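Visitor: Please take me through this model feature by feature, giving the general idea before the particular case wherever there is one.

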Amino acid sequence: MADDYKTVKKQAHDEFVEKRSRFIGYCTPVTTEEEATDFIAHIRAKHWDARHNVYAYSLREGNTKRYSDDGEPSGTAGMPVLDVIVKNGVTDVCVVVTRYFGGVLLGTGGLVRAYSQAAKIGLDAAEIVLMERCVRCSLRCSYTRYGKVAALIMQHASGLDETVYEADVVVKFHIKPENLPNLTKVLADATAGEADIIRENEEYFQNSEKI
């Protein structure tokens, strides 16, 4: 699996008015070009009466980046939107900025600033999150050991996923691969080797801390 990456949590939008032109910044998580083009088509259909529906997207798959000015002067719309995505270090994301022209020309610089702002507020509304590459793990321990085991897991792991109370306690958690050897050692020391970690598959988990 690849390294950690940043994306957005959800589909969202925000808007503002600049010299009577209405700019709406839409943002959504995507993982394929098909998902990105479907989202772009959805926004275009929703705002069929808008002057422009500018877009940009960035995908981890193939390190793909695409953008369109959709009729705005070259370099004033799609590229500024993509620049905002890149500068925020976000991927697997699609941004569409809808513009309803208000009758006042913004000029080249004004367009760049407006489309950049629309992309930024769209990203902010969708909430940028960090996706961490972790190993999903589980272990079984006695009830007498559980308190110590849970404390050590919370100290070293990235997240506690589930606790199942059976004849023993089964604890399921995820942890960064580089932190697993140390947790294995401290658990072995604390439980006299009773709590053996079962390593399962690697997955991406959303970091709960706000970026």
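Guide: Helices (H or I, at least four residues) and strands (E, at least two) are DSSP runs, numbered from the N terminus. The model is a predicted one, in which local features need pLDDT of at least 70 and side-chain atom pairs count only at pLDDT 80 or more, while totals for chains, interfaces and linings use all residues. Residues are numbered from 1 along each chain as its sequence is written, and side-chain values use heavy atoms, with hydrogens and water left out.

Visitor: In which sense do β4 and β5 pair, and over how many bridges?

Guide: Two strands pair if DSSP finds at least two bridges between them. Here β4 and β5 are joined by five bridges in the antiparallel sense, and they form a hairpin with four residues between them, where G62 in the turn has a positive phi of about 75°. On strand β6 (residues 93-100), seven bridges connect to β4 (residues 52-59), again with the two strands running antiparallel. Within β6, V97 stands opposite V54, and T98 is the bridge partner of N53.

Visitor: What is the order of the strands in the open sheet?

Guide: The five strands follow the order β2-β3-β6-β4-β5, with antiparallel pairing. At the edges are β2 (12-18) and β5 (64-68), each of which pairs on one side only. From one strand to the next, the twist averages 15°.

Visitor: Which residues point one way from β4, and which the other way?

Guide: In a regular strand the side chains alternate between the two faces of the sheet. From β4, H52, V54, A56 and S58 point one way, N53, Y55, Y57 and L59 point the other way, and all are buried, a term for under 20% relative accessible area with a 1.4 Å probe and protein chains only, with over 50% being exposed and values in between partly exposed. Because eight of the eight residues of β4 are buried, the strand is largely enclosed by the rest of the structure.

Visitor: Which strands does helix α2 touch as it packs on the sheet?

Guide: Helix α2 (residues 78-87) touches β4, β5 and β6, and its direction makes about 35° with that of β4; axes are lines fitted to C-alpha atoms, for helices over the stretch in contact, and angles run from 0 to 180 degrees between N-to-C directions. Its buried residues are G78, P80, V81, L82, V84 and I85, and what covers them includes β4, β5, β6 and α3. Helix α3 (residues 107-126) lies across β2, β3 (21-29), β4 and β6, and runs at about 150° to β2.

Visitor: How should I read the packing of one helix on another?

Guide: Two packed helices are described by the angle between their axes and the distance between the axes. For α2 and α3 the angle is about 40° and the axes are 8 Å apart, which means that α2 is oblique to α3; angles under 35 degrees count as roughly parallel, over 145 as roughly antiparallel, 65 to 115 as roughly perpendicular and the rest as oblique. From α2, P80, V81, V84 and I85 make the contact with V112, Y115, S116, A119, K120 and L123 of α3, where contact means heavy atoms within 4.5 Å.

Visitor: What are the angle and the axis distance for α4 and α5?

Guide: Helix α4 (residues 143-156) packs with helix α5 (residues 180-191) at an angle of about 160°, and their axes are 10 Å apart. That makes α4 roughly antiparallel to α5. On the α4 side R145, K148, V149, L152, I153 and H156 take part, and they meet N182, L183, V186, L187, A190 and T191 in α5.

Visitor: What should I look for in the phi angles?

Guide: Most residues other than glycine have a negative phi, and most peptide bonds are trans. D70 has a positive phi near 45° although it is a residue other than glycine; D70 belongs to the loop between β5 and α2 and is partly exposed, with a relative accessible area of 27%. A192, also not a glycine, has a positive phi of about 55°; A192 lies in the loop between α5 and β10 and is exposed, at a relative accessible area of 68%.

Visitor: Is N207 buried or exposed?

Guide: N207 is buried, with a relative accessible area of 18%, and is found in the segment after β10 (198-206). Leaving aside neighbours within four places in sequence, N207 is in contact with L130 and E132.
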